[in-house]
There are 2 protein chains.
Amino acid sequence: MAFRFEIIQEQLSSKARLGRVETDHGSLSTPAFLPVGTQGTVKSVTPEELAEIGVEAILGNTYHLYLRPGHETIRKLGGLHAFIHWERPILTDSGGYQIFSLADHRKISEEGVSFHSHLDGSLHFLSPEVAMQIQRSLGSDIAVVLDECIPYPSPYEYAKASTSLTTRWAMRCLRGKEENDPAFFAVVQGGMYRDLREESAQSLVELGFQGYAIGGLSVGEPKSMMLDVLEWTTPFLPRNAPRYLMGVGTPEDILRGVMLGIDLFDCVLPTRNARNGMLFTSSGKVSIKQAQYAEDGAPVDEACGCYTCRHYSRAYLRHLYLAKEILSSRLNTIHNLYYYTHFLKKIRDAIQEDRLLDFYKTHTRSNGFEKECPAQHQVTCG
Amino acid sequence: MAFRFEIIQEQLSSKARLGRVETDHGSLSTPAFLPVGTQGTVKSVTPEELAEIGVEAILGNTYHLYLRPGHETIRKLGGLHAFIHWERPILTDSGGYQIFSLADHRKISEEGVSFHSHLDGSLHFLSPEVAMQIQRSLGSDIAVVLDECIPYPSPYEYAKASTSLTTRWAMRCLRGKEENDPAFFAVVQGGMYRDLREESAQSLVELGFQGYAIGGLSVGEPKSMMLDVLEWTTPFLPRNAPRYLMGVGTPEDILRGVMLGIDLFDCVLPTRNARNGMLFTSSGKVSIKQAQYAEDGAPVDEACGCYTCRHYSRAYLRHLYLAKEILSSRLNTIHNLYYYTHFLKKIRDAIQEDRLLDFYKTHTRSNGFEKECPAQHQVTCG
């Protein structure tokens with residue numbers, strides 16, 4: 001499958017880049033945020049709604065789709081795009097992250113990882129080759145190689161051995177690459193150790209992938225540590241390949257990630273929070289269930305142009321949430337994804353106009369997360 | 001508020017009528033089916049989706065909206081139409097049906113009915129006047145007077161006393177009618193007793209309402225008994241007022257109701273069944289969770305033009321249902337409401353072209369409910 005990444009503009013005042021990823025299913029502007037479609041749907045919304053919001057690409061979870069309905073079923077039905085009626089780019093993860101979260105229900109070896117399904121306890125085996133085969137069957141545009149996500153904290157020796165295994169697995173994936181395969185993204189690991197992160201990045205770049213994910217972050221480490229790891233890692237990644245920060249994060253995490261040279265993000269935060277009644281707005285977070293909104297006829301965010309804000313009041317959204325109505329999840333999800341998508345759009349505009357630091361300052365002031373900024377990142381954080 | 005009912009065409013071979021209801025929020029063609037929006041939303045779908053399906057009017061439940069978010073809140077926010085972003089006609093029930101379902105948690109008197117909220121146990125009192133006041137606050141286009149829904153079976157004496165109470169309550173509602181009020185529909189009761197039904201209909205017609213609901217049906221009685229009651233009742237209702245069969249029913253019930261002179265229907269069946277994975281199709285019901293659909297790439301109904309059938313396979317709908325995805329409820333609801341709405345459209349076309357009996361015969365053959373037809377209704381049932 002075709003895959004191309006082009007850098008349109010680079011910032012002088014930070015490592016941020018404006019770019020464009022092209023695939024057989026269309027292109028996406030970077031930096032980009034990909035909503036998570038765990039089980040073949042971004043929970044509660046349709047592809048048409050995603051497109052209207054401005055979403056250009058989504059993520060699918062290989063682990064979940066492999067277990068149910070099964071990648072072979074999806075392949076027979078024309079691939080994931082046709083199955084879920086989403087014609088734009090899809091990035092799939094390797095399934096590794098979910099399997100390593102199974103804790104006692106999985107066993108890792110040089111060959112791969114055996115695990116018990118969370119659905120029915122059945123035994124399965126995932127190797128680097130199988131992970132790619134599944135993603136091939138799904139017809140992903142971007143496939144991620146199998147890696148071991150190192151828990152935090154982990155001793156140096158464990159992190160070193162694991163990082164080296166991840167590199168060997170990446171090599172095996174590459175060796176099995178077939179014509180017309182998706183783009184392969186490797187995953188930089190190395191725990192919270194600078195030398196291991198550098199080593200991991202260098203070895204993977206030497207093997208040569210179409211993109212590089214940065215894994216093992218947002219696993220419970222302090223926020224400043226995540227920024228440290230990004231600062232250590234991105235200089236070792238090639239300029240002309242997209243960099244993908246897996247599972248991150250808040251709008252602020254994303255903005256800092258962009259300033260450290262990240263191009264792609266995914267996270268369940270906007271969609272999961274939506275279902276829990278937590279809404280992102282231009283003036284901070286709103287918990288819609290609060291009594292103060294009971295008779296509030298204003299939209300969630302006066303500055304927002306989403307379907308929800310154009311037609312519904314806070315009072316109605318509060319009512320739907322308290323009444324446990326399905327429409328609550330829908331309207332909240334539309335709003336939060338619009339917020340994220342347009343937040344990324346604003347970031348891209350700011351890069352293009354070379355005013356990302358100003359954007360960062362304004363955004364931090366209006367959202368009150370300035371004081372969270374760790375001391376050692378004052379330069380990055382403006 | 002303006003309210004007008006016009007009969008466009010009457011059938012010679014049955015009591016079916018083609019008509020049009022006009023309200024301040026637009027008109028609807030009858031016979032019509034109104035989806036139920038219990039708590040200020042037809043579960044899982046947006047007003048735009050309802051409009052696209054062809055829905056012209058919906059029902060709101062006074063009991064639920066009174067308890068949460070409260071009719072005064074809705075009034076302050078501009079009425080139910082504005083609150084829920086539905087600009088077309090809304091019919092509200094009186095709340096009586098839900099209250100009488102509370103069994104041990106309500107107490108009836110000449111004055112009205114006191115009951116404990118199913119939400120928090122708090123004590124409330126609903127009189128005929130309060131029921132109208134609530135519906136006035138909601139800004140309904142069509143309001144239903146408070147009645148007592150007689151359980152099945154009930155002794156004659158109980159049914160007689162209750163029916164008479166319902167008539168006195170209807171009179172009180174009428175006495176309190178204000179300028180610019182919604183259209184008031186009275187409710188014919190009388191249990192399963194012919195003389196009481198006749199008496200109920202005659203007394204209410206004498207009082208004079210803008211429409212007549214037929215209540216106390218679909219409460220556990222045999223289907224043939226419901227048809228009997230309709231046959232007894234409709235001859236006593238004025239030709240030029242709409243007749244509304246509350247809480248009914250299956251497509252077959254609706255078709256038979258139309259042939260007995262009913263104009264309006266509402267029921268949770270298409271929406272509730274949708275959420276339970278039961279889909280109506282031109283060749284009968286489909287339980288989408290069945291294993292036979294696991295790799296079935298066909299739409300639910302090849303003959304259906306709904307959004308769901310245009311874009312998704314049975315296999316995908318089965319997957320969404322088994323994965324308990326919110327999108328499952330949405331796509332199934334869209335399909336079932338489309339089925340109902342277009343079923344009513346076909347009925348109207350058949351009345352217009354004076355071929356309703358043929359339509360009935362064809363429909364019963366393709367859906368296999370012919371043998372259900374009770375012997376005493378062979379003429380009606382074709």
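**A predicted two-chain model: local geometry and interface**

His85(B) sits in the loop between H4 and strand S6 (90-92) of chain B. Helices (H or I, at least four residues) and strands (E, at least two) are DSSP runs, numbered from the N terminus. The model is predicted: local features need pLDDT of at least 70 and side-chain atom pairs count only at pLDDT 80 or more, while totals for chains, interfaces and linings use all residues. Residues are numbered from 1 along each chain as its sequence is written, chains are lettered from A and ligands numbered from 1 in the order in which they are written, and side-chain values use heavy atoms, with hydrogens and water left out.

Most residues other than glycine have a negative phi, and most peptide bonds are trans. With a relative accessible area of 12%, His85(B) is buried; the term means under 20% relative accessible area, against over 50% for exposed and partly exposed in between (1.4 Å probe, protein chains only). In chain A, Ser44(A) also has a positive phi, about 85 degrees, although it is not a glycine. Ser44(A) lies in the loop between strand S4 (32-37) and helix H1 (47-53) of chain A, and at 0% relative accessibility it counts as buried.

From Val248(A) to Gly249(A) the bond is cis, with omega near 5 degrees; Gly249(A) belongs to the loop between strand S13 (243-245) and helix H10 (251-259) of chain A. From Tyr152(B) to Pro153(B) the bond is cis too, with omega near -5 degrees, and Pro153(B) is in the loop between strand S10 (142-144) and helix H7 (156-175) of chain B.

Inside chain B, helix H9 (residues 223-233) has eight of its eleven residues buried, so it is largely enclosed by the rest of the structure. Among the buried residues are Met226(B), Leu230(B) and Trp232(B). The buried part of H9(B) packs against strand S11 (183-188), helix H8 (194-207), strand S12 (211-214), strand S13 (243-245) and helix H10 (251-259) of chain B.

We now turn to the interface. The contact (heavy atoms within 4.5 Å) takes 38 residues from chain B and 38 residues from chain A. About 3,200 Å² is buried between the chains, 57% of it given by carbon and sulfur atoms; this is the accessible area (1.4 Å probe) that two parts lose on being put together, summed over both. Six salt bridges cross the interface, each a side-chain nitrogen of Lys or Arg within 4 Å of a carboxyl oxygen of Asp or Glu. One of the salt bridges joins the side chains of Glu295(B) and Lys76(A), at 3.1 Å from N to O. On the chain B side, H1 (47-53), H3 (71-76), H4 (80-84), H12 (307-311), H13 (314-322) and H14 (326-352) each supply at least two of the residues that touch chain A. H13(B) gives the most, with five residues.

The two chains can be superposed by least squares on the C-alpha atoms of residues with pLDDT of at least 70 in both. A rotation of 180 degrees with 0.0 Å of shift along its axis brings chain B onto chain A, at an RMSD of 0.0 Å. The copies are thus related as by a two-fold rotation axis. In chain B, the C-alpha nearest the axis is that of Ile326(B), 3.5 Å from it. The same surface serves both copies, and 100% of the contact residues of chain B recur in chain A.
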